[in-house]
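Trainee: I have a structure open and I want to learn how to read it. Where do we begin?

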Amino acid sequence: MIMPSLSSLLSCLLFSLFHNALSQGPSPPIAPIARLPPRIPPVHVPPPVPAPVPAPGTGTIPPPPSLPRLAQARAQVIGAFGQDCTPSSGDYPEACPTIGQDLLSRSGKIECIHNFDCCTCGAMICGPDCSDLVCNGDSGCYGVKDIRLSGGISGTNINCNGDVSCQNTGMIGTNIASILCSGDNSCSYSIFNLECLPSIGCILECVGDASCEADPLIPALNAIYTIENSNGMSCSASACKYATFNLLTNIGGSIICGAYDACLSSKIMATNINSIMCGGRDACKDANILIINPKQGFSLSCQSIYSCLGLRLEILITDPLITEFYRISCGAMNACENAQITITKQLPLNTIITTSGSNDLTIAELSCGGYRACFNTHFYLTPNIAFTQCGCAGGMTQSCDGLLGVESCAQGISKIECNGNSCRGMSETIINPRDHFELICSDPNSCKDYTLTIKIEDSPRAPSILNGVTCGSPDACNGMRINIINLKSDATINPIPAGTISCGTTNSCRNTIIVTHNADILSIVCGDTTSCAGCQQWTNMKYNACDSASI
């Protein structure tokens, strides 16, 4: 028996299938497999219409099915207080589905964990045994101006952790254990009236960027935080700027403005404070701070550039047991420039002073440790207050120039000593230096092309005599200009003795210009014929050459 080949069997099978197909007519169209749509929020979309398959043999590829349309943007949602509570795509707030609805929790907590979760509430009331107000979602409690909290024995913890989570709110509460505004803009533009637990108090923590700020240009965006039984406050970057803080029953802690602009132009009133720390650029710039009866050993620390520039600080003491402050430290460039600090110790009538008390106050130290650190800083102290020690950075830092009200700093700087090329080409103005002030230019070119202006003004600290200038090396004062201007009211009848200009070596005072007004240069000493070549002396607008051996 002869077996058929495999190719013969396949040919017979294909012929049979083709013959049957012709006998049954054309095949119906075959629906293509639809592509999967992209992952988007579920919407009602009609199923795509399948494209028909073209006649066999045409080779045409069917087009893909049409994609469903994206969901439309949500309609705007306006909260009970006119705030915009419109959630973004993917946000599903649920706490107050009806606008203006009250959210109540008799015991336990209120949690607004989704974005805009409680934004539409008309009131949020938690108590009388409330443990937590949690606004973790961004804008979670935004704009709700009726938030009432009543904590139990352990108190209520306020947590505004989401960005803008408690912004523009009105909040009152008793027995508060903690206040944390950690999200950016989390508690800004708000009005808080809160009473902390009386035994331990609580810290107002504005640690998110701009978390407790106000807007000085828009009254509706004011911010006032009144905290009873507080235990100090802490502000991060821009957190407390322009806002008002009332801590008038404070029980301890510190005011910490620890980053740039932290308490810029803020208004702070507090009692029983341990210290004020302004640790960032402009941290307490132009702030107005009133401290009543601070703790024994109180200190003010301004440790960054411009950190207390223009600060207005008033300290009022009525407690005889407050007898000593630790220090006032201005440890950076311009740290306390133009600041005004008023310290008053005035005891009530009939106050009984015990052996541990005193009518006096001693401040251990004023430290001005940077360029212009205490420039034009004014202290206003009652007569029973004194600094034990004053430290001013030397040289040309002007750290204590214009400083008033501190007797131990009252005489300004005693000398400027220029070594190497330290003063070359520079320009400097000092006001009311110390008696016997002198300029020393000890190295070659050390004061070359240097300009120094000394102004003497009416003041208890104004000097009565100057020691002059020493140009001790070749070219030491070449091209230098020194101006001594006496502006005191009696200057015309009592010109100040201004010392000697010593030009002892080659070219040491070549082309030097000396200008005095109501100040008398006692002599100009020139070492050789080159020492004072081209030197000019102008006294009350009258010219004299100074290039002789001795004048």
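Mentor: With burial. A residue counts as buried when its relative accessible area is under 20%. Keep in mind that this model is predicted.

Trainee: Are F192 and Y225 buried or exposed?

Mentor: Both F192 and Y225 are buried. F245 is buried as well.

Trainee: How do I read the rings of F192 and Y225 as a pair?

Mentor: Two rings pair if their centres lie within 6.5 Å, and planes over 60 degrees apart count as edge-to-face. F192 and Y225 are edge-to-face, with 5.3 Å centre to centre and 85 degrees between the planes. F192 lies in strand β6 and Y225 in strand β8, so the pair ties together parts that are 33 residues apart in sequence.

Trainee: How are Y225 and F245 arranged?

Mentor: They are stacked: 5.2 Å centre to centre, with 15 degrees between the planes. F245 sits in strand β10, 20 residues from Y225.

Trainee: What sits over the ring of F375?

Mentor: The charged end of R372, 3.7 Å from the ring centre.

Trainee: Now sheets. What holds strands together?

Mentor: Strands of a sheet pair through backbone hydrogen bonds, either parallel or antiparallel. Here, 5 strands form an open, parallel sheet in the order β23-β25-β27-β30-β33.

Trainee: Which strands stand at the edges?

Mentor: β23 and β33. Each has a single partner strand, so one side of each is left without a neighbour in the sheet. The twist averages 5 degrees from one strand to the next.

Trainee: How many bridges join β23 and β25?

Mentor: The two pair over 4 bridges. C418 stands opposite C441 in β25.

Key: Residues numbered from 1 in each chain as written. Predicted model: local features only at pLDDT ≥ 70, side-chain atom pairs only at ≥ 80, totals over all residues. Heavy atoms only, no water. Phe/Tyr/Trp six-rings, centres within 6.5 Å; stacked < 30°, edge-to-face > 60°. Buried < 20%, exposed > 50% of the residue type's maximum accessible area, 1.4 Å probe, protein only. Lys NZ or Arg CZ within 6 Å of the ring centre and 35° of its normal. Pairing = 2+ DSSP bridges. Axes fitted to C-alpha atoms, helices over the stretch in contact; angles between N-to-C directions.
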